[in-house]
Each structure stands twice: as C-alpha cells, then as structure tokens.
Amino acid sequence: MNKARRRLIAGFAAGMLLVVGACSSETSEITIADSWARATPPGAESAAFYGVVTNLSGESDQLVGVSSPQCEMAQIHETTHSDGVAGMAPAGADLLSLNDGEKLTLEPGGLHVMCMGVSEPLVEGADVQVEFKFEKMGSVEFVLPVQAG
Amino acid sequence: MKSSGDSKRWLPYLIGVPVAIVLAVVGSQAIVSVLRPHIYSGTVIRGDTPAPTMEDLQFVSGDAVDLGSFDDSDAVVLVFFGYTNCPDICPTTLSAVSKARNQLSEQDQERTQVLMVSVDPERDKPDRLQEYVEFFDPSFLSAGGSEDQIARVASLYGVHYELGEGTVEEGYLVDHTATLLGIGSDGVLRVVWPPDIDAAALADDLEELLS
C-alpha cells in the first residue's frame with residue numbers, strides 16, 4: 001500500500017514535470033518563423049540573419065538587443081535605399097517596438113540581424129544560435145538553419 | 001423533309017463559324033504575342049551613348065577590364081558595384097543574378113558576363129574579391145584598382161559610394177549605389193536594375209537583351 005502510494009506520487013510528480021516542461025516550451029511567447037542565416041562567402045566577415053519574429057506575449061514589448069555566439073557583435077540593421085544608393089544603419093527603436101500580436105519581419109533588403117565579426121564561416125546546412133533580448137520578456141533563444149542565398 | 005433540308009443548308013455555317021472564330025482568336029493572340037514588346041523589369045536607358053570603359057581597373061588575372069572586349073560575341077555584361085563586407089544587399093543581388101543566369105540557355109549563359117567592382121579596395125584585395133564572387137557563381141569576374149581608379153570609374157558610371165566611419169580593425173559600412181548595370185553587346189548601357197530584382201524577371205530581361 002505504502003509502496004503503491006509512493007509510486008503514485010512519483011508518477012504524479014513526473015507527470016507534473018512533463019506538463020510544466022511542455023508549457024514552458026509552448027509559451028515562450030516570442031516566436032520566429034521562416035528563419036535562416038545566410039551562408040557566408042569566403043572572406044566575408046559579416047553575415048545576415050532573417051525571420052519573422054512575432055510577439056505573442058499578451059503585451060507590447062521592445063526588442064532591445066540581439067547577440068549570437070557566432071558573432072563578435074550583432075545588431076538589428078536596416079538596409080535603406082535612396083536613389084539607388086543602398087546603405088545600412090542600426091534600426092531605430094520605433095521599428096523594434098512590438099505590440100501584442102505584432103510581427104517584426106527581418107528579410108533580405110530590409111531589416112535583418114547584422115552579425116559582425118563572424119567567428120567562422122557559416123556553412124550551408126549548419127545552425128546558428130541567436131538570442132533576442134526583449135525589455136519585458138527577457139532573453140529568447142532561437143536556432144536558425146544556415147542556407148545559401 | 002423541309003426541316004432536314006434547312007439543317008443541311010445551315011450545316012456549313014454551324015461548323016464554319018465557330019471554327020473561324022476559334023482561328024481568329026488563336027491567330028490574333030499569336031500575332032499579339034509576337035508583336036508585343038518586351039516590358040523590362042529594369043529601367044531601360046535610351047540613347048546610344050557608349051558605356052564608360054573600365055580600362056583602369058584590373059581583372060584578378062591582371063588583364064585590363066575592357067568592356068569592349070565582350071562586344072565580339074554578342075554578350076551582355078552585368079556590372080555590380082559592392083564590397084565583400086556587405087552582408088545583406090550584395091549577397092541578395094549576386095545570388096539573384098546567379099539564379100537568373102542559370103535560368104538562361106547554355107548559349108545565353110556563355111554570353112552573360114557578370115563583373116563585380118569593389119568600392120572598398122582597402123579591404124577587398126583581388127584574391128579575396130574573386131573568391132567572394134565565385135562563391136555565388138564560378139563564372140563571375142571581379143575587378144579592383146586603387147582608390148583613385150575606382151573613384152574615377154564609379155563616377156563615370158554614376159555610382160556613388162561613401163565609406164562609413166571606422167578603421168579596418170573596427171569594421172565599417174559602405175553606402176553604395178547597388179543597382180545592377182546591363183551593358184549590351186554594342187558596349188552601350190542598356191538597362192539598370194534595382195538591387196532587389198527578382199531572378200526570374202532578370203532572366204526574362206536578359207533573354208530579351210540577348211535576342
């Protein structure tokens with residue numbers, strides 16, 4: 001009887017752990033879709049990461065930073081076009097503020113994660129880790145596949 | 001009897017009229033598709049002013065870049081100004097150009113030469129630049145020169161660029177004209193495409209230029 005009860009408690013505890021584990025992975029509340037990192041050509045010291053980041057946290061939040069172990073420094077940059085001249089600059093805070101349910105689209109020729117000082121070439125088929133820091137949600141980590149352009 | 005005689009009289013019309021309509025529709029569509037001018041996705045440059053030459057610049061092989069040398073074989077030369085530390089727009093454009101070229105017939109591929117000119121000669125040494133372009137397509141060529149030479153050629157092509165702040169060690173960005181310039185077999189600048197050109201649209205334009 002005692003043994004059976006202990007087993008029951010152990011089973012219940014294990015079940016609870018599973019439930020908690022499942023919840024924590026499903027309710028990360030910041031999601032990313034269509035994410036990828038561009039494979040780097042030989043000699044390139046910088047790379048770009050893309051994807052659609054969605055704020056599902058239930059409140060507005062602000063993306064305040066981005067980092068990756070593969071980059072010496074990472075920033076959200078915006079490619080701008082003016083009379084055919086392309087430039088890049090760190091994205092303004094207004095672009096990185098996400099209302100609940102709002103998406104931040106990082107795509108070629110627009111906003112992207114600018115990875116400066118690539119530690120080693122990003123090879124097609126490999127993965128890169130990236131961490132987005134939000135004001136309220138804190139750090140959210142994603143793994144992105146490396147793809148050829 | 002009378003009714004069957006009527007239907008016999010109408011029979012040629014019953015068959016002939018629909019056939020004639022079908023032939024007219026198909027025929028006019030064929031004529032329209034042949035006569036309809038190709039609508040370029042890029043901006044067509046009017047006039048016959050020859051494209052500026054790049055005599056000062058050097059291919060990695062050491063030969064002077066003379067766009068006139070491509071004239072012999074009815075080619076299109078696609079010139080792109082960029083730099084290897086450009087992680088977003090340059091790879092986007094170069095991979096679209098590679099995809100577009102691969103969509104062409106083998107014959108047209110041989111007649112399409114892509115040339116990247118670096119606006120960042122300080123960091124883009126010739127070997128590195130050539131390795132960079134070959135990553136996108138082994139057929140791509142690159143050209144470099146001294147800062148003065150590149151500045152001169154860029155201004156001839158109406159290409160603007162401005163080096164951002166920072167040392168080589170710190171890294172810096174370069175704002176630059178990222179359009180793709182299409183020079184025809186006669187050495188005349190024909191079409192200018194935006195940096196975010198779609199590969200299929202570019203392939204259609206190239207086919208037209210080569211036809």
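Visitor: Before we start, what is a polar contact here?

Guide: A polar contact is a pair of N or O atoms within 3.5 Å; within protein, one must be able to donate a hydrogen and the other to accept it. The model is a predicted one.

Visitor: How many residue pairs are in polar contact across the interface of chain B and chain A?

Guide: The rule finds 10 such residue pairs between chain B and chain A, both residues being at pLDDT 80 or more.

Visitor: And which elements of chain B supply at least two residues each to the side that touches chain A?

Guide: They are α2 (89–102), α4 (126–136) and β8 (174–177) of chain B. By class, that side of chain B has 12 nonpolar, eight polar and five charged residues.

Visitor: Which residue forms a salt bridge with R128(B)?

Guide: The partner of R128(B) is E45(A), and their closest N and O atoms are 3.4 Å apart. One salt bridge is found across the interface of chain B and chain A.

Visitor: Back to β8(B): in what sense does it pair with strand β5 of chain A?

Guide: The pairing of β8(B) with β5 (residues 85–90) of chain A is antiparallel, over two bridges. Within β8(B), H176(B) is the bridge partner of A86(A).

Visitor: Changing topic, what area is buried between the chains?

Guide: About 1900 Å² is buried between chain B and chain A, with carbon and sulfur atoms giving 61% of that area. In chain B, the residues that lose the most area to chain A are P87(B), D88(B) and F135(B), together 31% of what that side buries.

Visitor: How many residues does each chain bring to the contact?

Guide: Chain A brings 27 residues and chain B brings 25 residues.

Definitions and conventions:
Residues are numbered from 1 along each chain as its sequence is written. Chains are lettered from A and ligands numbered from 1 in the order in which they are written. This is a predicted model: local features need pLDDT of at least 70, side-chain atom pairs count only at pLDDT 80 or more; totals for chains, interfaces and linings use all residues. Side-chain values use heavy atoms; hydrogens and water are left out. Contact means heavy atoms within 4.5 Å. Buried area is the accessible area (1.4 Å probe) that two parts lose on being put together, summed over both. A salt bridge is a side-chain nitrogen of Lys or Arg within 4 Å of a carboxyl oxygen of Asp or Glu. A polar contact is a pair of N or O atoms within 3.5 Å; within protein, one must be able to donate a hydrogen and the other to accept it, and residues adjacent in sequence count only if both atoms are side-chain atoms. Helices (H or I, at least four residues) and strands (E, at least two) are DSSP runs, numbered from the N terminus. Ala, Val, Leu, Ile, Met, Phe, Trp, Tyr, Cys and Pro count as nonpolar, Asp, Glu, Lys and Arg as charged, and the others, Gly among them, as polar. Two strands pair if DSSP finds at least two bridges between them.
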